[in-house]
Amino acid sequence: MDPLSDMLRGIRAERASVTRAALEPAWRIGFPDRAPLTLITVVHGGGRLVLADGEEHPLGPGSTALVRDTEPFHLVDRDAAPGASGPAYQVSCFDPDAECEPKRDPHGPTALVVGAYRDLRPRHERLLRTLPKALVLDENPADVLWLKALDDALARSRRPGGGSLVDRVLDWGLVCTLSCWFDLQGAEAPAWYRGVLDPVTGPAIEAMHGDPAARWTVEALAAEAGVSRAHFAKRFTAVMGRPPLAYLAEWRMSLAEDLLADPELPVAAVARTVGYADPFAFSTAFKRTQGMSPRAFRDAYA
């Protein structure tokens with residue numbers, strides 16, 4: 001398993017909002033959910049995404065924005081004159097009774113797809129820390145495969161299971177957007193993203209993520225890559241910025257954070273899942289890297 005897939009496991013959109021409306025000039029749409037992550041895709045029309053600190057991003061047809069800001073933000077009419085004041089609307093995924101939602105019009109010139117993500121786990125938060133406060137990916141709507149699937153899902157949205165179907169298509173859109181955006185970052189992408197594309201480090205990274213509890217050694221990981229131990233260790237450190245077993249220990253502790261978020265899972269079971277037969281050794285390693293004991297982390301997370 002690759003690191004991006006691993007960090008995205010379990011992430012789910014909730015009650016996605018699909019809005020197509022005829023909006024009056026100088027309109028403004030607020031997003032009041034304060035979710036840790038919000039996805040907005042413009043299917044038709046466009047606007048300017050304005051964050052709480054005033055940062056702006058233009059959005060047009062085919063643009064997808066991922067916003068990881070829990071402060072209120074909004075989308076405004078891109079054609080409005082500076083200082084112009086028009087109607088204010090709200091789009092919420094969590095509050096079905098949100099006031100001032102745009103009046104739906106199947107023939108309206110503005111169409112938005114909005115998905116919000118909450119109740120994120122530590123593995124998801126680790127991914128979000130690698131992203132800017134808002135990222136925008138601009139594509140031709142005709143080339144966005146998941147938007148084509150969304151049309152089919154929307155046609156079934158009023159049937160049993162239709163709402164979940166729309167949410168899952170949006171999750172597909174999230175994965176596509178992140179993967180494409182990281183590709184565009186090139187050398188600026190996180191090491192774990194670049195590393196899995198490397199012919200030497202990639203097989204070893206996938207092996208570690210596929211079975212983090214295994215008793216991995218540098219020799220065993222080199223065998224996964226099909227190269228010598230010395231070549232593997234040198235290449236891995238150069239690409240990833242840390243030795244292979246240090247990367248493994250770091251990922252195991254990140255995985256442990258995710259497991260510790262479940263109050264029903266005993267610490268000893270968490271230890272075994274991340275490769276520690278001795279829970280005391282696990283607790284020592286966790287405190288050394290995370291700065292607190294597993295029980296203290298669990299209490300703080302709760």
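Student: What makes the meeting of the side chains of Glu-71 and Arg-34 a salt bridge?

Tutor: In this predicted model, the side chains of Glu-71 and Arg-34 meet at 4.0 Å, N to O. A salt bridge requires a side-chain nitrogen of Lys or Arg within 4 Å of a carboxyl oxygen of Asp or Glu, so the pair is counted as one. Glu-71 lies in the loop between β6 (63-67) and β7, and Arg-34 in the loop between β2 and β3, so the pair ties together parts that are 37 residues apart in sequence.

Student: What is noted about the phi of Arg-34?

Tutor: Phi of Arg-34 is near 55°, a positive value in a residue other than glycine. The place of Arg-34 is the loop between β2 (28-31) and β3 (37-44).

Student: How do you know that Lys-133 and Asp-53 meet in a salt bridge?

Tutor: Their side chains are 2.6 Å apart, N to O, and the cut-off is 4 Å, so the pair qualifies. This pair links distant parts of the chain, with Lys-133 in the loop between α2 (122-128) and β10 (134-138) and Asp-53 in the loop between β4 (47-50) and β5 (56-59), 80 residues apart. Lys-133, at 30% relative accessibility, counts as partly exposed, and Asp-53, with a relative accessible area of 47%, is also partly exposed.

Student: Which residues do salt bridges with shared partners join into one network?

Tutor: Asp-6, Arg-9, Arg-121, Arg-123 and Asp-258 are joined in this way, and the structure holds 12 salt bridges.

Student: How do you know that Asp-77 has no salt bridge?

Tutor: The nearest side chain of opposite charge is that of Arg-78, 6.1 Å away, whereas a salt bridge must fall within 4 Å, so no such bridge is assigned to the buried Asp-77. Asp-77 lies in the loop between β7 (73-76) and β8 (88-90). A polar atom of the side chain of Asp-77 lies 2.9 Å from the backbone nitrogen of Ala-26. Leaving aside residues up to four places away in sequence, Asp-77 touches Pro-25, Ala-26, Trp-27 and Arg-48.

Student: Why is α9 called roughly perpendicular to α11?

Tutor: Helix α9 (residues 244-260) and helix α11 (residues 279-290) pack at an angle of about 105°, with their axes 10 Å apart. That makes α9 roughly perpendicular to α11, because the term applies to angles of 65 to 115 degrees. Where they meet, α9 contributes Met-253, Ala-256, Glu-257 and Leu-260, and α11 contributes Phe-282, Ala-285, Phe-286, Thr-289 and Gln-290.

Note on methods: Residues are numbered from 1 along each chain as its sequence is written. This is a predicted model: local features need pLDDT of at least 70, side-chain atom pairs count only at pLDDT 80 or more; totals for chains, interfaces and linings use all residues. Side-chain values use heavy atoms; hydrogens and water are left out. Helices (H or I, at least four residues) and strands (E, at least two) are DSSP runs, numbered from the N terminus. Buried means under 20% relative accessible area, exposed over 50%, partly exposed in between (1.4 Å probe, protein chains only). Lys and Arg count as positive and Asp and Glu as negative; His and the chain ends are not counted. A polar contact is a pair of N or O atoms within 3.5 Å; within protein, one must be able to donate a hydrogen and the other to accept it, and residues adjacent in sequence count only if both atoms are side-chain atoms. Contact means heavy atoms within 4.5 Å. Axes are lines fitted to C-alpha atoms, for helices over the stretch in contact, and angles run from 0 to 180 degrees between N-to-C directions. Angles under 35 degrees count as roughly parallel, over 145 as roughly antiparallel, 65 to 115 as roughly perpendicular and the rest as oblique.
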